[in-house]
Amino acid sequence: MSNEQDHIPRLALLRLQSWLSPSFPSGSYSYSHGLEWAVEAGYIKDRESLIDWLESDLRYGSGRNEAIFFIEAWRSAAHDDLAKLFEIAELAYAFRGTSEFALESSQQGAGCLSTLRRVWPDDLLDQLSELLSEQHIPPASAVVHGVASAKLGLPANLALPAFLQSYVANLVTAGVRLIPLGQTDGQRAIASLEQGVLAATEEAMGATVDDLGSAAFMVDLASMKHETQYTRLFRS
């Protein structure tokens, strides 16, 4: 192992696995990020089209923005810069293209923040929670995970790809149910997205909030259409 790997606490890796596990009570399983409408409309119909859709979102859409919010929150927390962290959290709350994306992020963020404060308490998370509550600003999931990872001493180039892998894996699971796909095809899809996760991580590591933006318009459109979709399994 490298020297960097030698200095990563094993306990920190165990906690990261817990936070990104499907058993963590963030409610992520109830959101499809617009996939439900895309499947009904025929844009996603098999494993290949699911991979294409998710990679586009990850590299050019909301997934890319989540990566930037994560890394900016990580940087702020690593320097104990509460003022900067609050600015990032406030921007992350406002930077949502649709009402369902706002709900998806804020409800997962609130569930994550609440559980972390109860099970793995941290002063910076407490301070951020109080500031957000005073201003009536819901926490964003990427921001909460970025702060928690930094305070745990996890390097960003490890914590961020793990977060993004969890992000796409949750959506692949939704695709498995919606298309439907078999479990093995679901794992093939996740494996096919690994390079996209690493590329998105590499780009975000050199980015700031000035680089936020989206070119994945169909993802936003799918979310808007899902708001009025007649039959729905998911909340987004």
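The exercises below, each with a worked solution, concern a predicted model.

**Exercise 1. Classify the ring pair formed by F69 and F95, and say which parts of the chain the pair ties together.**

Solution. Start with the total: the count of aromatic pairs comes to four. For F69 and F95, the ring centres are 6.0 Å apart and the planes stand at 70°. Centres must lie within 6.5 Å for a pair, and planes over 60 degrees apart count as edge-to-face. The pair of F69 and F95 is therefore edge-to-face.

F69 belongs to helix α5, residues 62–78. F95 sits in the loop between α6 (82–94) and α7 (99–119). The pair therefore ties together parts that are 26 residues apart in sequence.

**Exercise 2. Decide for F69 and for F95 whether the residue is buried, partly exposed or exposed.**

Solution. Buried means under 20% relative accessible area, and exposed means over 50%. F69 has a relative accessibility of 1%, so F69 counts as buried. F95 has a relative accessible area of 33%, so F95 is partly exposed.

**Exercise 3. Describe the surroundings of L113.**

Solution. First, L113 is located in helix α7. Second, the relative accessible area of L113 is 6%, so L113 is buried. Third, list the contacts: not counting residues up to four places away in sequence, L113 touches L125, S129, P139 and V144.

**Exercise 4. Determine what the side chain of R64 reaches, and whether R64 is buried or exposed.**

Solution. R64 is part of helix α5. The relative accessible area of R64 is 16%, so R64 is buried. The side chain of R64 makes a polar contact with the side chain of E203, at 3.0 Å. The R64 side chain also reaches the backbone oxygen of D211, at 2.9 Å. Leaving aside neighbours within four places in sequence, R64 is in contact with D57, L58, R59, E203, D211, L212 and G213.

Technical notes: Residues are numbered from 1 along each chain as its sequence is written. This is a predicted model: local features need pLDDT of at least 70, side-chain atom pairs count only at pLDDT 80 or more; totals for chains, interfaces and linings use all residues. Side-chain values use heavy atoms; hydrogens and water are left out. Rings of Phe, Tyr and Trp (its six-membered ring) pair if their centres lie within 6.5 Å; planes under 30 degrees apart count as stacked, over 60 as edge-to-face and the rest as tilted. Helices (H or I, at least four residues) and strands (E, at least two) are DSSP runs, numbered from the N terminus. Buried means under 20% relative accessible area, exposed over 50%, partly exposed in between (1.4 Å probe, protein chains only). Contact means heavy atoms within 4.5 Å. A polar contact is a pair of N or O atoms within 3.5 Å; within protein, one must be able to donate a hydrogen and the other to accept it, and residues adjacent in sequence count only if both atoms are side-chain atoms.
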